[in-house]
Each structure stands twice: as C-alpha cells, then as structure tokens.
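Please consult the sequence and the structure while reading.

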Amino acid sequence: MSGAGHLLQVEDLSVSFETEGGTVHAVDAVSFVADAGEILCVVGESGSGKSVMTSSLIGLTRAENATISGRATFDGVELVGAPERTLERIRGAQVALIPQDPMSALDPVLRIGHQIAEQIRVHTSVSRRAAEEQAVALMERVGIPQARTRSRAFVHEFSGGMRQRIMIAMALSCRPKLIVADEPTTALDVTIQAQILHELAGLCHETGTALILVTHDFGVVAELADRVIVMYGGRIVEQAAVAELFDDPQHPYTWGLLGSVPRVDRPRAKRLPTISGAPPSLIRPPAGCHFAPRCPHAFERCGEVPPLAAHSRERPEHRDRCWLDVAEKRRRRVVGGDIGLAGGKETIVA
C-alpha cells in the first residue's frame, strides 16, 4: 500500500501483552489506511482486537508488559515509536477519541463547560473566556439544549445520550483530522443511537475529518461506512468498500456475521442463526487461519496462515484472508439466495 494521499497508514501493527497466563497476541500484523473525510468501520466479535488496535494508534496501550511493533503514520508523523510528548500534542488536537463509556471519561467534580474549555486551552493559545465561549458553541452544535446554562452542570446531571454528545463536542473541540469512536452508542437506545451517529457522520463530512468507528452493529455499518474492516482473532480477515462487503462478502467469518443479523424483509426464521464455537484464545491461537476451528469450509491448507490479499482483478481493494478461490466461495456461500455456513447443509438469512 502506498502512503501517498492517505491521512493514516498502518503497516504490520502488532500488539501483545505479557500476562501470568502467557503472552496475549491482541493484534497481529494489521495493515490498513484511512483518508480524510472517510468513515471507516471496524467490526468483529468482542476480543477480536478492535479496541486494542485503535487505542494503540495514539499510545493508550503503552505499558511495561506491552510490546508494540509495526508502523502507523499519521499526517506524516510516525506514531508507534513517537515519544510521549509528541503523542500528547497529537491526542485531542489532531486525533480525538470518543470512548465507549462517557461516564468514566468525564470528570465528575468539574463542570462540563470547564472540561471542554480545558482541552481547547491545552492545545491552543486562546484565553479562558474565549475557550468557554467555544465550549458553549460546541455544545449547541451537537444538539444540547440551553447550552450556556448546561455548560455549568456536572456530568451526573446529563442523560446517557447527552453525555455522549458532550464527548462528541469535546472530540470536535480542536478540529481534529481523525476521530476514533470506540462503540460510542452501546449503552443508548436505538433512537438516540441514530441521532448521535448521524450527527457525528454529518459533522465529519462537513469538516473533512476522518472517522474510525468501532462497532458490532451492521445496521450502523450499512448506513454510515465508506469502507469496512472485519477483524477476528487479532487479524484483519476482510476489508472492502461497504457496498462490496454486503454485495459479495468473501470470508466465511463475514458470512457468519452478516447471517446472524435478523432480516425484516424475509420470513421469520425459527431460530436465530449463530456462528458455532467460541472466539480463539489469543494466548494460544490456532495455527494457520484463526477461524478454521469454527469454519465448516476449512480444509488441509487452512493450517497455513492465509495472506490478506485481493482475489479479484475487478476489485483489487477488496481483500480477504481465506484460501478458497472466489468462484468456490461464491458457490459455497449462496444457497437459494441465502448465505450458507455449511456448504449448503445449513443456510442462514443474510
């Protein structure tokens, strides 16, 4: 992959942690790019390495028991080997993080307006009064009513949806070039989820900010994403433009994820389809393809690690990590219009 024109380029990023039980290989040789104004969604089961991967980009997984290798170049700056002082200048100002739980990310004893203004003052030279006015304007921008009055409130005085809007306002406070949102709407009801995600996407498209969104929700992916990364067992197993991923998914794990989503445009299934088995131990991952123990299409060659590669000349940016060729995958996947997990013996609604 060439770095020309990419806001973020990650090459062979690996992250492991030494624990009492052994070495946890949380992220294994991950490579991808993100461009300005793009929404890149990262999906996969819990424990697939999504959050560790994104947190490692801005140095949040650095610890005595952590080993981080590879490269991550952001706007010309190498992040993996950067000194902490460099990362402190970048975090919040150029790369913003929206965590999964705003309650644990916000200070309970400081007023909300002060917290937003504090970040502005850390990264810019504006006065305290100017920063407080910017904080109010940001709160208005993300849809918080009576923003000037509410800026003097504490975090416990806001609902879950409003807290997440505050985190978005804080993320936008210094006009970052990249926002990393780690499942930002998990604890919210679907109506508030939709409002917040559409506001975030609209703001990103308006300002040209890139967004990396970690999520379990394929409905969100279909609605917002430009490109999608599918992770399993610390590895990227498929990446593609969103339309290509839904139209022609190439990895059996992706088939399982898509098939596990109920469809309202087809007859109700008697039983909600699932992927059999459990995610692999990242201390003792399987040899070869990490998904092979759960894959009904596995064969002898799956004992070797398949490369993340394009298998179609027509779609060179659509890459997957599976030894089956495209024609064979399509034959096994599609059975009567549904995605099959067991080569035709079992089908699930895609």
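Two strands are said to pair if DSSP finds at least two bridges between them. Helices (H or I, at least four residues) and strands (E, at least two) are DSSP runs, numbered from the N terminus.

The model is predicted: local features need pLDDT of at least 70 and side-chain atom pairs count only at pLDDT 80 or more, while totals for chains, interfaces and linings use all residues. Residues are numbered from 1 along each chain as its sequence is written, and side-chain values use heavy atoms, with hydrogens and water left out.

## The sheet that contains β8

An open sheet with mixed pairing is formed by 8 strands, in the order β6-β7-β8-β3-β9-β10-β12-β11. Because β6 and β11 (309-310) stand at the edges with a single partner strand each, one side of each has no neighbour in the sheet.

Strand β8 (residues 210-214) runs parallel to β3 (residues 39-43), and 4 bridges join the two. Within this pairing, Val42 has Val214 of β8 as its bridge partner. Strand β7 (residues 178-182) also pairs with β8 in the parallel sense, over 5 bridges. Here Ile179 stands opposite Leu211 in β8, and the bridge partner of Ala181 is Leu213 in β8.

Is β8 mostly covered or left open? Of its 5 residues, 5 are buried, where buried means under 20% relative accessible area (1.4 Å probe, protein chains only). In a regular strand the side chains alternate between the two faces of the sheet. In β8, Ala210, Ile212 and Val214 are buried on one side, and Leu211 and Leu213 are buried on the other.

Helix α1 lies across β3, β7, β8 and β9 (227-232), and runs at about 150 degrees to β8. Angles run from 0 to 180 degrees between N-to-C directions, and axes are lines fitted to C-alpha atoms, for helices over the stretch in contact. Helix α11 (residues 252-259) packs on this sheet as well, touching β9 and β10 (235-241), at about 105 degrees to β9; contact means heavy atoms within 4.5 Å.

## The sheet of 4 strands

Another open sheet has 4 strands in the order β2-β1-β4-β5, with antiparallel pairing. Its edges are β2 (22-34) and β5 (77-78), each with a single partner strand, so one side of each lacks a neighbour in the sheet. Helix α1 (residues 50-57) touches β1, β2 and β4 of this sheet, and its direction makes about 115 degrees with that of β1. Strands β1 (residues 8-19) and β4 (residues 66-74) are joined in the antiparallel sense over 8 bridges, and Leu8 stands opposite Phe74 in β4.

## Pocket and cavities

Rolling a probe the size of a water molecule over the atoms shows where empty space is left. On a 1 Å grid over the protein atoms alone, a cavity is a set of points where a 1.4 Å probe fits but cannot get out, and a pocket is an open set with protein on both sides within 12 Å along at least five of seven lines; lining residues have an atom within 4 Å of a point. Grid points are joined across faces, edges and corners, and a volume is the space filled by probe spheres set on the points.

| Space | Volume |
|---|---|
| Largest pocket | about 410 Å³ |
| Largest cavity | about 80 Å³ |
| Second largest cavity | about 60 Å³ |

The largest pocket is lined by 20 residues, and those nearest its centre are Gly92, Leu97, Gln119, Met167 and Met170. Helix α4 supplies the largest share of this lining, 5 residues.

Definitions and conventions
Buried means under 20% relative accessible area, exposed over 50%, partly exposed in between (1.4 Å probe, protein chains only).
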